[in-house]
Amino acid sequence: MGNKLLEAKNISKSFHDPITVQVLKEITFDISKGEFISVIGKSGCGKSTLLYILSTMDTDFEGELLIDGESMKQKKEVELSVVRNEKIGFVFQFHYLLNEFSVLENVMLPGLKLNKLSEKEIEHKAYEKLKILGIEAEALKRPNQLSGGQKQRVAIARALINEPLIIMGDEPTGNLDKKNSDVVFEIFQELVAVYNQSLLIVTHDNEFAKRTHRIIEMEDGRIIKM
Amino acid sequence: MTKKLLIKISKALLLARWKQTLVAAIGVTFSIAMFISLLGFMGGLNNLLDGLMLNRTAHIRLYNDIEPSAKQPVELSEHFKHHYNFVSSVKPKKEQLNIYNSAAIMRNLKKDERVKGVAPKINTQVFFNVGVVDLNGMISGIDVDEESELFLFKDYVVKGNYHDLKTIPNSIILGKGAADKMLAQLGDNITLTTTQGNQFQLKVVGFYQSGIQELDKVQSYASIATAQKLLGESDLYITDIQIKLKDMNLAPAMAREFRRLYKTEAMDIQTANAQFETGSFVRTLISYAVGITLLIVAGFGIYNILNMMIYEKIDSIAILKATGFSGKDVNKIFTSIALSIGAFGGLLGLIFGLVFSLLIDLIPFNTASLPTVTTYPVDYNLYYYIIGAVFSVATTYLAGYFPSRKAATVDPVVIIRGK
């Protein structure tokens, strides 16, 4: 499967407060284009910590992280924010939309920040993404007028707006009921199948994980099965 | 981040809690409005008090003083040049109070670029004869037009027409205090005796009130020609030349120059009225201190509200950062929020300040000592408005600086995982 989008080499991380606890131990793996990967493991095994390191939001770790062949280790905060903006889409357990903006504006914001297209084009693209997710009718509503499932779909649309290399999800279905979980999963599957989108999803849900291409199972800060 | 996006996000955050924003802006508005109206009011009063003295005082006054000679005759002698000479019981010499060649001096002064105007004056002592009583008095012979233009003479003539002084021969404008003592009415003839012992009759054409009671009891005015007649002098006789300058601050230096040039005494206003300058400076200082305190208090208000706003918006900040906004962008957003509160509140403050000033200007203010003043004085100094505008933006920027920096350093992981 194509070239490597993301490579993690010997990533370790420790928390030092109040006592030193190593939460990640020598994590090494890589992600290729079009892969749909799930990370599972028990609570506290370090999977969320890993995700935040991979997403460049957490920079306090040892080892090497390459995204699109570039090392993230030496980059400054501003450069990392550009990487996040351009190459990574994020979906959280809680939707985290900005209630001050409409659904459409929420989707558009990362695109406006990237500032590679005109506002009109970004708006057009945002509509497209909402259409893919089947919620274009809600575009002009405020996020707090939507249901939980709808909000999560808006968050996915926002993650897609800059056509990132990879979408990362931190338990994106963790807060949804079965029906909405299925909807979100189907959307993920469609993104992989139709748009060749790479996905890295941290989840508790083994049912969900089983249906992905590859499962990375973690325990005590190590990958035990890949 | 583009400016448009910055404005869009800041605006959304501002309007999301518009009531809170409004409270912050009103804080700025109130303090700027108070600053402007307070300074305008205090400035107005200050100018009024200064004007009491300064309007009627020449910036430089040329005159001859009766004083002992600086050099006694013995010192001029070649023979005693290298001796120590002790002269006891020195007396002032008989000096001409008349300024020599005054017409030429005045012509010369009027040509000077720095001089706004020149007015001649004759000061003489008289006794007013009222029945069996002789009242002490001073008569100033003045050039009515020049005096009016340079020293606002006509503003202080409370009754009668000041112009009659020029057109009616042998006329006098009496000080209000002196007139009250003499029970003199307009049109009355009064008798006075000059220091030379001559008696004259003058017609009362007006009353003069300066606001300084002691002065009004003795000071009266006549035309130059009348004063010359009282003294029995020629029409060249002038005892004072009063000079108004375009820039008052040049007075001390120019007084020195004139003293040398015209060989007369030259007194500048700063030396003559040093206490006024100190008083005026202290009053200005107090009003600025109060005004700036108001602005600083408003600054703390904005600081509080921005701090609160950032705690409320911390989730939004985290999500902005997760989706690719840098700490710098977040800092810019909150700084621009602070600045727009400051600019908007400040602008309203300037307008309200002007309105308050106009209202104060309408309140009646009548006082016996200030005949020309009918309402409270307000100084509409553009300078106050500029300071207010600059200060409103500067304090809000400072008030927003620390909260914005805090927002910039928010760690999105901590916020997102904290849920």
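Residues are numbered from 1 along each chain as its sequence is written, while chains are lettered from A and ligands numbered from 1 in the order in which they are written. In this predicted model, local features need pLDDT of at least 70 and side-chain atom pairs count only at pLDDT 80 or more, but totals for chains, interfaces and linings use all residues.

Q: How many helices and strands has chain A?
A: Helices (H or I, at least four residues) and strands (E, at least two) are DSSP runs, numbered from the N terminus. On that basis chain A has seven helices and ten strands.

Q: What percentage of the residues of chain A count as buried?
A: A residue is buried if 20 or more other C-beta atoms, placed from the backbone, lie within 10 Å of its own. Chain A has 226 residues. The buried share is 48%.

Q: Which residue is the bridge partner of Leu6(A) in E2(A)?
A: Two strands pair if DSSP finds at least two bridges between them. Strand E1 (residues 4-15) and strand E2 (residues 21-32) of chain A pair in the antiparallel sense over eight bridges. They form a hairpin with five residues between them. Across from Leu6(A), the partner in E2(A) is Ile31(A).

Q: Which residue in E4(A) stands opposite Ala8(A)?
A: E1(A) also pairs with strand E4 (residues 62-67) of chain A. The sense is antiparallel, over five bridges. Opposite Ala8(A) stands Leu65(A).

Q: Which are the edge strands of the open sheet of six strands in chain A?
A: The strand order is E6-E7-E8-E3-E9-E10, with mixed pairing. An edge strand pairs on one side only. Those strands are E6 (88-91) and E10 (222-225) of chain A.

Q: What angle does the direction of helix H1 of chain A make with that of E7(A)?
A: E7 (residues 166-170) and E8 (residues 198-202) of chain A run parallel, joined by five bridges. Helix H1 (residues 47-54) of chain A packs on the sheet, touching E3, E7, E8 and E9 of chain A. Axes are lines fitted to C-alpha atoms, for helices over the stretch in contact, and angles run from 0 to 180 degrees between N-to-C directions. The angle is about 150°.

Q: Which helix of chain B gives the most residues to the side that touches chain A?
A: Two residues are in contact if their C-beta atoms, placed from the backbone, lie within 7 Å. By that rule, 22 residues of chain B are in contact with 23 residues of chain A. Helices H1, H13, H14 and H16 of chain B each supply at least two residues of this side. The most, five residues, come from H13(B).

Definitions and conventions: A residue is buried if 20 or more other C-beta atoms lie within 10 Å of its own, exposed if 12 or fewer, and partly exposed in between; C-beta atoms are placed from the backbone.
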